[in-house]
Amino acid sequence: MMKLLFGLWSVLLDLTMFHSQALMQNRIIGGNAAAPNSIRYMVSLQSTSGQHFCGGSLVHRYWVLTAAHCNIGTDQMMIVAGDYKLNVFEGTEQYAKPHKLIPHPLYNSSTNNADIMLIKLRAPMVLNKFVSLAPLPRQGTGVVEGHPCQVSGWGHNGVGGVQAPVTLQSVTVPIVSAARCNSSDSFDGNITANMICAGSHSGGKDACKGDSGGPLVCRGRVYGMVSWGYGCGDARFPGVYTAVSRFRRWLDQTIYGPHLRCFGYR
Ligand SMILES: *[C@@H]1O[C@H](CO)[C@@H](O)[C@H](O)[C@H]1NC(C)=O
Ligand SMILES: *[C@@H]1O[C@H](CO)[C@@H](O)[C@H](O)[C@H]1NC(C)=O
Ligand SMILES: *[C@@H]1O[C@H](CO)[C@@H](O)[C@H](O)[C@H]1NC(C)=O
């Protein structure tokens, strides 16, 4: 089940597919409200009617990193940076339309492999006290099992009608080894080298629908992006994240082009 939520149709589908608890838990589970504007690179992907459906990270004034399964088409999408309470105008928000969407060429929607996409914005975001760039991991680096990482998102809370204020939520989850996550007790061979898993041994802490594309931050860098899972917060099935460090080279080449070396990038 992809952790994308878009429109009433999805909500009804969720209701029929899962038990009613899914509704109550329809966003980051077991977490707390993040401090206002503490995750300044976090962006909300919204429909043109203003409905949040995925998270993302600003990695360049012109570029947003998100999951490939958040691709709903350029014309349908708006990117909001500097937000905290989603449906309250706080005066810190910046809005940009996408110029183009670049899903990874190896993205496979049946296996969820390479679930990563870059969005080039039509106009740059302004970096300030509320908006900054996300630090990325170096190519091929990893995080050891048990390392605590933080995942953030707005999830989704409404079934239509007036929404209560949706405040950015965060939860700390430890990294689960690929061996355990890929074992027959868990995802049974469906974890690729382009994925990392994170979740507590006892369950109850996880990303959920609407958190897709949002950052999993370890040692201050965006090592993962919310990708998929089975339900949310199940001890047997940790959250599965796109392993951002596997794509660092692709990200740099897509953003800066082949003349990368001239820039002395981070
Ligand atoms: C996606 O992966 C499946 C299973 O490995 C494979 O059969 C299929 O051809 C792949 N699809 C694409 C578009 O690569
Ligand atoms: C693994 O993927 C296959 C093919 O998509 C699916 O039928 C199966 O249910 C999955 N199993 C687990 C445990 O993820
Ligand atoms: C998970 O198991 C499958 C099936 O054995 C294997 O093809 C895949 O490479 C494994 N993933 C990782 C990350 O080792």
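Helices (H or I, at least four residues) and strands (E, at least two) are DSSP runs, numbered from the N terminus. This is a predicted model, in which local features need pLDDT of at least 70, side-chain atom pairs count only at pLDDT 80 or more, and totals for chains, interfaces and linings use all residues. Residues are numbered from 1 along each chain as its sequence is written, and side-chain values use heavy atoms, with hydrogens and water left out.

Select helix 4 (residues 248-256) and then D252 and R248, which are four residues apart in this helix and so separated by about one helical turn. They form a salt bridge (a side-chain nitrogen of Lys or Arg within 4 Å of a carboxyl oxygen of Asp or Glu), with their closest N and O atoms 3.1 Å apart. D252 is buried at 5% relative accessibility, and R248 is buried too, at 6%; buried means under 20% relative accessible area, exposed over 50%, and partly exposed in between (1.4 Å probe, protein chains only).

Next select E145 and R180, whose side chains meet in a salt bridge at 3.6 Å, N to O. This pair links distant parts of the chain, with E145 in the loop between strand 8 (117-121) and strand 9 (148-153) and R180 in helix 3 (residues 178-181), 35 residues apart. E145 is partly exposed at 45%, as is R180 at 34%.

Finally, select ligand 2 and display the residues around it, S186, F187, D188, N190 and Y230, where being near means having a heavy atom within 4 Å.

Notes:
Chains are lettered from A and ligands numbered from 1 in the order in which they are written.
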